[in-house]
Amino acid sequence: MKKYLITGGAGFIGYHLANRLKNKNNKIYILDLKKKINKKKHQFKHCELIVGDISKKSTFNKLKKKFDTIFHLAAKTSTQVAELHPGDCLNTNVLGTLNLFQWAKIYKPKRIIFTSSMAVYGKNADSAKENQKCKPSSIYGISKLSGEKILIKLRDINIQIIIMRLFNVYGPKQDFSNLKQGMLSIYLSQIFKKHNRN
């Protein structure tokens, strides 16, 4: 049986990922904030739910297990909000990732897949190539690049690190209540609102 941990697993991507991993040979653990887990726990009956905040070291004391793969999704994801509240962004995205790093040095999962962002490329994101030099121009972009650099250090102890620099993510069950992140979310929400008025 393979064991998977999804940090930030009660979010949009985490929901789809947990469902994709669901089968009798997998054990899936979801780590997320209490309010997010309470809101969606009926959707995760096949998962073990862990309430916690990755910016707090004590959260990782609940994870005394060996995992095959960790999907590190937990993050503050709005560039706009990060500029207004940089401390919140850095606490979650940098300190939270550092807490995961320190935990991983002890429990040694086989691999960590980290969801980074197009924001690490800065103003060149629209035409960026994968191997292009990162020049983040926002607090959010800086926080995600810092997370990458922290986790890459785990390769020194033979933990596989895979970094996914996501661009605009969208799909079924998307949350349209937060219109401060994801251009496609914003555009789709405006289309639906206009359609419902007509």
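Mentor: Look at the side chains of D68 and K110, which make a polar contact at 3.2 Å. Keep in mind that this is a predicted model.

Trainee: What makes the pair D68 and K110 a polar contact?

Mentor: The cut-off is 3.5 Å between N or O atoms, with one able to donate a hydrogen and the other to accept it. The two side chains come to 3.2 Å, so the pair qualifies under the 3.5 Å limit. A polar atom of the D68 side chain also lies 2.7 Å from the backbone nitrogen of K3.

Trainee: Where is D68 found, and why does D68 count as buried or exposed?

Mentor: D68 is in the loop between β3 and β4 (69–72). Its relative accessibility is 13%, and buried means under 20%, so D68 counts as buried.

Trainee: Which residues does D68 touch, not counting those up to four places away in sequence?

Mentor: They are M1, K2, K3, P109, K110 and R111. For a sense of distance, D68 and I112 are 44 residues apart in sequence, and their C-alpha atoms are 8.7 Å apart in space.

Trainee: How do you know that V120 counts as buried?

Mentor: V120 has 0% relative accessibility; the limit is 20%, so V120 counts as buried. V120 sits in the loop between β5 and α5. Leaving aside neighbours within four places in sequence, its contacts include C134, P136, L145 and R165.

Trainee: Let's turn to the strands. What makes β1 and β2 a pair?

Mentor: At least two bridges are needed. Strand β1 (residues 2–7) and β2 have six, in the parallel sense, so they pair by that rule.

Trainee: How many bridges join β2 to β3?

Mentor: Five bridges join β2 to strand β3 (residues 47–51), and the two run parallel. D32 stands opposite V51 in β3. Here the chain crosses through helix α2 (residues 34–40), again with a right-handed β-α-β crossover.

Trainee: Why is β2 described as mostly covered?

Mentor: Strand β2 covers residues 26–32, and six of its seven residues are buried. Each of those six falls under the 20% cut-off, which is why the word applies.

Trainee: What makes the largest nonpolar core a core, and which members touch the most others?

Mentor: Membership calls for buried residues of the listed nonpolar kinds, joined through side-chain atoms within 4.5 Å. The largest such set has 21 residues, and L63, W103, I112, L151 and L154 touch the most other members. β2, α4 (86–107), β5 (111–117) and α5 (139–152) each supply at least two residues, and α4 gives the most, with four. As for L63, not counting residues up to four places away in sequence, it touches L5, L31, I50, W103 and Y107. Apart from that core lies another, of 15 residues, among them L17, I37, C47 and F71.

Trainee: And how many helices and strands does the protein have?

Mentor: There are six of each. Of the 198 residues, 41% are buried. Among contacts with a separation of 6 or more, 64% join residues 24 or more positions apart.

Conventions. Residues numbered from 1 in each chain as written. Predicted model: local features only at pLDDT ≥ 70, side-chain atom pairs only at ≥ 80, totals over all residues. Heavy atoms only, no water. Buried < 20%, exposed > 50% of the residue type's maximum accessible area, 1.4 Å probe, protein only. Right-handed = clockwise from strand over helix to strand, strands pointing away. Contact = heavy atoms within 4.5 Å.
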